[in-house]
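Here are two exercises to work through with the model open beside you. Take your time with each step.

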Amino acid sequence: MKFGPYEVWEDVLDESFDSQVAPELGDVYTGEAPEIYRDPKEFFKRTYFTDATVEILKRILDTFEGKERRNIFLIYSLFGGGKTHLLLTLYHAFKTPEALEDPEVLEGYIPEKRETIRELAERIKLLGESVKVVPVYGKGRVGQPSIPLDVGPYSVKTIWGYIAHSLGKYSIVEKNDKNLTVPDIETLRDLFRGEKVLLLIDEIADYVDNLYNSGAEEDRRYAKNVDNFIDRLSTALSSSTSSMVITLPMTEEGGNLRTQEEYNHSVVRALWDAVRRVGGADSYTPVRTVGINDELVEVLKKRIFKRVDPDIRRRTLERIRSENNDVEIFGHGGFTHEIPRTYPFHPEYIQILRTIIEKTDLQRTRDMIRITRIVVRNLIDRYEKEGFAPAIILPIHIDLTNDRIRGMLFGEKSKFADYASIIDAELVNDEKYRAFRHPELARMILTYIFLRTYPFDAPTPLNDFPTLTTISRAIYDPETFSKKQWIPADIKDTVEEIESHPHFVFLNRKDGVFWFWRVANVTKMVDSKTEELIESSYGEIWNQLVRYVDQLVREKRSIAARGKGSTVEEHVRFFEQVIVSKEPQELMDNEMYKLFVLVSEDVDEKLLKGIMFQIGSGSRTYKNTVVVCYPIPGTMKHLIMTTARDMACQRVMDTVKEMYGKYGEDVVKIQLNQLRDIRNRALEDLENQIVGSFRKVAYPVKDGIDTADAPASSKSVVENVYSALKGRGKIVEEFDFIEFANWLKENIGLNILKPEGYYVSELRKIICSNPSAPMVDFENLKKSIKEAVRKLKIGLERKGKILFKKVYSEIPDFAQESGVEISKVEPDDIILPANEALRRQVCELLKQEKDEIRDGKRYRVWYEIYLPSSEFSELLKNLVTVENEECQIGDEEAVMYGLILEKKEEVEIKKGEFDLEVARRSVEGKPGEKVEIPVRITAFGDAEIELSSEYGELSYQTFFSERVNLLKFYGI
């Protein structure tokens, strides 16, 4: 059967073979075993020739060939370790050696081992039929005193009688068989003399153990002789040309012998000692399971896969190497170098499965094969449904929802039975994964953590427990990530999500290490206490929530533990007062903008109008100053829940030592740290929830109130409220003052640009009193006023002084006129329209002109208008007329955009000096047109002045001091 890059044996698809992954020697010998075990070629195709198997074959052949006589082999392991499979390999090899040379049998081995197997086959064939293979199957019909084996002419009662019968030499031990006495060593040597016998003894411990437990006294007496027989048999064979391979269900651990629990230790130990006493005996484990030459994975590959395409293998390995180069995710080290040895299995698959089997006391090789058959069948089912096969088989492919796997690993009698409920609660429960960005990836990660750690049943982290690096290495499959459109960085993000997830109650973590433990962590205690608080102390939780909202919004201090007390970054200074309460409050009636944060979902229009427009039993004067912020409907329950969780953490803190103290101080510390993490996450969540929930904004408008949903773009509730009001146009941030003035006039009938002027303080009052008006920050209002003055759009009157045009002492370098720079706008400043401000300023300047004679000196101050487009300046007073003490500007545009120059002069008066002042420096007119130009002549002291003119006519030609006359020009 082929799926994806894999081709598996057909028997893998047959569930009935799961219980027959380890065939019995007796069934093969009698022909009752399935064909894949009876047929030597089929058997060898599914067999990996371990180093122990090859070495034993060599030594047996050396014995048969007369080269050496180390011919007693003790094969030991616990159930499922491959003992019987090794015996069957020897059985088939000597029965059908040519099967060893089949190309399909030799496929997959390194060249050296391939050649070694061929050489062994040739040596066996050279022996011809001289070798007799005698299987002794302890679970089969061997014969015993109470149940003799009837073979026709006689009945066999003992194991020595059975062996002699199998060799056709029963007569040699007939007497000993009938009397149940152990033959002496010489008798046994006679039995094997001149023979090349391969004696394969399997399940002898089961045979002896049953004898000891027999109801027949003669069986129990006979049982005591079996280990004595094995001892003498081993001694007799050591000097023969025959070999014995015997299996025992035991293992060595730290120099001590551990026996399979099903058997009496003393029985197995006696058999062990009987064999080991002989100098020529060697002991072997069937499969090497430690070190770089671990053979278990090779056994597994041979039993599952018929063929693995070498080209696909090479491409897959190259792809994994190239895609695992992100050091932050996959770490340093050469873990990818392990994959070629284990492919198509991931190294972690082999390691985890081995650990599970060892810790669960399952049968090592047998159950490893059995579980892997189920895993592969599941992958095949998925392939047939979806057309998808992973690039490599990962530990997460061990389906913990599969009934057969669960029965093997978490059955009622298993010491890990408690973990079955953890699987259902933590790994299978879809509800726990809904919040993840990649739910399936989160489940994969947690499944790996579970498989990797549960067999240790550890309350504290052990070496090699999962971290981000080991998790990434263990779950990364190129095909899966490509299909799901994930990238390696998603692993890191999902691990961080898991760390912050509060509801995995059996998952523990410390310093970036994760593990599952059967005892629920503090999360469960927190969950229970949270529910209890919500049921019994809702009001207390609500009050605590108000305190947290107040701290975050009004005090601008973070409530999250990592930044607890740190200032929340906030750029909005619009609201001069922030009030937080769970009930309506009566707010001050003044011009201050106020944000009222209502910690309640019980909000309606009547309540909002009361807060914004009412004070006492009357109406508020400043109806355009209050904004109300409250939670979006449906979010209050989450705020209460998270606040309750924070409070629960504080209350559980005092009970942790009592709950976990019996497991040790380290466990207490771990649970306390987890509790702190839970609280920290709760406070972080609460802070985010507050910002995300308090987004309903109510504000005053012309006909009452309106509402808006604030964005959650900032970590500040105040900033989000401000953004909502700005988006609705209720708050005007930067604006042109003239446009704003026109808006006020058109929309609320307020004309602030009138000749008599408008007080700045009154403007603010009008804005703050009228719900139709926008809300304007007073600083922004003043800023717009300053800018309008600078652009000569308006002027200000401050304490009788006009602030409008600049007055220069000399012509500046620039030609663009602008208004005065105002550093500060005062509430008592009066806003004037530009033309009125100009008129008042000009009048004010003209009043400041003077021409005085004091102490023999002349003092003059006067003002001129300089037009950048002209080379001349004009006297300011010549552009102004005064009627009834009211100034009127003749050429307003010239004065508005010309430069006002202040001229000052201080000179000594000399006899005969006079001042001639011509009203106009240039004349325009038609030829012949009469033009009158006033000329002022001022003489200083007694003087007679005579004037003449090249053009026109003079009214007078002789002048005396301080007489003013007219000079008349005719048309040019």
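Before we start, two strands count as paired if DSSP finds at least two bridges between them. Strands (E, at least two residues) and helices (H or I, at least four) are DSSP runs, numbered from the N terminus. This is a predicted model, where local features need pLDDT of at least 70. Residues are numbered from 1 along each chain as its sequence is written.

**Exercise 1.** Work out which strands stand at the edges of the open five-stranded sheet.

Step 1: write down the strand order, β14-β15-β18-β19-β20, with mixed pairing.

Step 2: check the ends. β14 (577-581) and β20 (704-709) each have a single partner strand, so one side of each is left without a neighbour in the sheet.

Step 3: look at one pair up close. β14 runs parallel to β15 (residues 594-598) over five bridges, and Gln577 sits opposite Lys594 in β15.

**Exercise 2.** Find which helix gives the most residues to the lining of the largest cavity.

Step 1: On a 1 Å grid over the protein atoms alone, a cavity is a set of points where a 1.4 Å probe fits but cannot get out, and lining residues have an atom within 4 Å of a point.

Step 2: locate the spot. The structure holds one cavity of 30 Å³ or more. Of the 23 lining residues, the closest to the centre of the largest cavity are Gly82, His85, Leu86, Val299 and Thr365.

Step 3: list the elements giving two or more residues: α5 (83-95), α14 (296-304) and α19 (364-386).

Conventions
This is a predicted model: local features need pLDDT of at least 70, side-chain atom pairs count only at pLDDT 80 or more; totals for chains, interfaces and linings use all residues. Side-chain values use heavy atoms; hydrogens and water are left out. On a 1 Å grid over the protein atoms alone, a cavity is a set of points where a 1.4 Å probe fits but cannot get out, and a pocket is an open set with protein on both sides within 12 Å along at least five of seven lines; lining residues have an atom within 4 Å of a point. Grid points are joined across faces, edges and corners, and a volume is the space filled by probe spheres set on the points.
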